Every structure is written in C-alpha cells, then in structure tokens.
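Subject: Handover of a structure

Dear colleague,

Please find the structure below for your study.

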Amino acid sequence: MKAKMFRALLPLAIVFTMVSCSSDASEGSTEKKVVTSYNYNETELKLVTLINNHRVSMGLNALEVVNHISFKSEEHNVYMIDNNVVNHDYFQQRSNNLVQVLGAQRVGENIAYNYQSAESAMYAWLNSPGHKANLEGDYTHLGISVTVDPNTGKKYYTNMFMKKKP
C-alpha cells in the first residue's frame, strides 16, 4: 500500500520540484546585514559560467554574482536538507531580504535536487519553462548555492536572480 501511494505521489513531487518562483518587490525584511563573503565550490562556479554563457548566447546581459544572494541561496539549501524537502518555502522572505538589503526590484528563484553535475542541473532548468524564463529573465545579478546533504550525498541547488533598482 505504501509503495502504491509513493508511486502515485512521486509525479506530483517532481512537478513541484520543477516549479520556479519569481516576485516583484513587496513587504519588508527584518535582517538588513549584507553578507560580503562566500566560498564558491566548483559546481557553483561552473553553473555561473553556464548561466552567463547561455544568456550571452541569447543576446542577453551576463549576470553579476553577488555573495549575499549566494548566502541566501545556501540558507535555503540548508533549510531543505534539514527539513528533507525540495520546495520554495519562505521565498517571499528571501525576496524581501534582497529588496531591503540590496535594493532589488525583482527577484526570481530556481531550485533543483539530486543532479550530479552543473551541466545536468542546467539542462533540467533549460527544459522547464518556468526555470528557463528565470534563466533568460530581465535580471542583473545572481547568487548560487549547491549544497551536499552530508547524510545522503545528494546535492541541493538554489539559484536566485535579482534585478537591481536603477
């Protein structure tokens, strides 16, 4: 019975995983400290290159990496690992933080789970209309985090985009 329920719910879980979020500026955030330091791993750096190469190939601007956005992305990965979920919970709070702290006008977010390489995560995002829209959206900055669950070895990806107010 459990196996049947799992098989029935698995497609729904995949659909929710592939949904992306975006937000226009609204509501405030309580934390206003800018994080200026972030240590990027190889997968994160590769994804930044893949994202910017794709954008430039489409005639779009390359995005500037912001450590604070990567830190907020990492916080979300840690939340997903700690709660054994893959979702956009608390996206509005992360978005509000970028509005308050960095002056964001628009914020978007892509997540992914259990892809072994930067290329496979990027391929999945490009083949999902919502994620692709974020990758090719009207943004100026990005942050990225790829965090490995120490218990399972599976990778959690959060990529946030921001358009800075002029």
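Just after α3, N84 adopts a positive phi of about 50°. Helices (H or I, at least four residues) and strands (E, at least two) are taken here as DSSP runs, numbered from the N terminus.

The model is a predicted one, in which local features need pLDDT of at least 70 and side-chain atom pairs count only at pLDDT 80 or more, while totals for chains, interfaces and linings use all residues. Residues are numbered from 1 along each chain as its sequence is written, and side-chain values use heavy atoms, with hydrogens and water left out.

Helix α3 has 17 residues and reaches 24 Å from its first C-alpha to its last. This is close to the 24 Å expected at 1.5 Å a residue, the expected span being 1.5 Å times one less than the number of residues.

Which residues of α3 are buried? They are H68, I69, S70, K72, S73, H76, N77, M80 and I81. Buried means under 20% relative accessible area, exposed over 50%, and partly exposed in between (1.4 Å probe, protein chains only). The buried residues of α3 pack against β2 (64–65), α4, β3, β4 and β5.

S73 is located in helix α3 and is buried, at 0% relative accessibility. Leaving aside neighbours within four places in sequence, S73 is in contact (heavy atoms within 4.5 Å) with G143, I144, S145, T158, N159 and M160.

S145 belongs to strand β4 and is buried as well, with a relative accessible area of 0%. Beyond its neighbours within four places in sequence, S145 has contacts that include Y38, E44, S70, S73 and N77. The side chain of S145 also makes a polar contact with the side chain of Y38, at 3.2 Å. A polar contact is a pair of N or O atoms within 3.5 Å; within protein, one must be able to donate a hydrogen and the other to accept it, and residues adjacent in sequence count only if both atoms are side-chain atoms.

**Salt bridges**

A salt bridge is a side-chain nitrogen of Lys or Arg within 4 Å of a carboxyl oxygen of Asp or Glu. How many salt bridges does this rule give? The count is five, and three of them are described here, beginning with the pair E75 and K72.

- E75 and K72 have their closest N and O atoms 2.7 Å apart. Because they are three residues apart in helix α3 (residues 67–83), about one helical turn separates them. E75 is partly exposed at 33%, whereas K72 is buried at 7%.
- E109 and R94 meet at 2.9 Å, N to O. E109 lies in strand β3 (residues 104–113) and R94 in helix α4 (residues 91–102), so the pair ties together parts that are 15 residues apart in sequence. E109 is buried at 0% relative accessibility, and R94 is buried at 6%.
- E119 and K46 meet at 3.7 Å, N to O. This pair links distant parts of the chain, 73 residues apart, with E119 in helix α5 (residues 118–126) and K46 in helix α2 (residues 42–57). E119 is partly exposed at 40%, and K46 is partly exposed at 35%.

**A loop residue**

N151 lies in the loop between β4 (141–148) and β5 (155–164). Is N151 buried or exposed? N151 counts as exposed, at 73% relative accessibility. The C-alpha atoms of N151 and I81 are separated by 9.3 Å, although the two residues are 70 residues apart along the chain.

Yours sincerely
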